[in-house]
Amino acid sequence: MTRLPGSSAAAAVAAVPRVHAARGLAAALLPDGGGPVRAWAVLRPTGVTVGHAVPASTAAWPADRPGPVLDRHLRARASSPHPWPQLADVLVDITGSQRGRRPAARAVDDLARRHPGALVVAAVDGPRHCTLRLGTAAPLTLDAISAAPAASAAPARARRRWEALASLIHAWLAAGLPPHALAPAVVQPLRPAASGWPGERILLRRT
């Protein structure tokens, strides 16, 4: 595999379309810790639903492997009827947009406890914020902050953004990449744009 040049997320964003064709790709998840970029993950829109869940298509490219790790997982909302939350690999609670960030952190812990099969759980904190819990054995909790002005974040658009972000993070974990490398990280829209990523640039940081 071609390694990413440079030592910043900006360099990686520029490299993704050159290394792999960007057609159909919606967004890239990139570590932004100041050291060499070792991997990135991309989201591919599917436009398919199964019951109340979405089979999301993602991939991660670890720099020390010859090719991408493809990931197809099931994503559902916490409010979906049984059995979808129990079957989901990624679970998103979109009901708490007015609850504030501290209660959202408690919400992801509660979701993870009630749904131990979900590798990524997320709780929406508002139009520009989301809290995510990664992993099960030694979980990591992250804040996600949208670069979009709060006034421009329509509720439906914001919900889709956080759902897509959770799927990107699942691809990262499914490839065996370390969760701590995502604190900090950025999610960058790729061009040409695709409907699978309905948001702007996202910043990730440890809570």
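1. Asp-125 sits in the loop that runs between strand E6 (120-124) and strand E7 (129-134). Its relative accessibility is 7%, so Asp-125 counts as buried (under 20% relative accessible area; exposed is over 50%, partly exposed in between; 1.4 Å probe, protein chains only). Strands (E, at least two residues) and helices (H or I, at least four) are DSSP runs, numbered from the N terminus.

2. On the basis of the note: this is a predicted model, in which local features need pLDDT of at least 70 and side-chain atom pairs count only at pLDDT 80 or more, while totals for chains, interfaces and linings use all residues. Residues are numbered from 1 along each chain as its sequence is written, and side-chain values use heavy atoms, with hydrogens and water left out.

3. Strand E8 (residues 140-146) is largely enclosed by the rest of the structure, because seven of its seven residues are buried. Leu-140, Leu-142, Ala-144 and Ser-146 point one way from E8, and Thr-141, Asp-143 and Ile-145 point the other way.

4. E8 pairs with E7 in the antiparallel sense over six bridges; pairing requires at least two DSSP bridges between two strands. His-129 stands opposite Ile-145 in E8. The hairpin of E7 and E8 has five residues between the strands, and Gly-135 in this hairpin takes a positive phi near 80°. E8 also runs antiparallel to strand E10 (residues 202-206), joined by five bridges, with Ser-146 opposite Ile-202 in E10.

5. The largest nonpolar core has 36 residues, of which Leu-29, Leu-132, Leu-165, Ile-169 and Leu-204 touch the most other members. Such a core is a set of buried Ala, Val, Leu, Ile, Met, Phe, Trp, Tyr and Cys residues joined through side-chain atoms within 4.5 Å. Helix H4 (residues 155-174) supplies the largest share of this core, 10 residues. Another core, of 14 residues, lies apart from it and includes Ala-53, Ala-88, Val-108 and Ala-123.

6. Leaving aside neighbours within four places in sequence, Leu-132 has contacts (heavy atoms within 4.5 Å) that include Val-120, Leu-140, Leu-142, Leu-165, Ile-169 and Leu-204.
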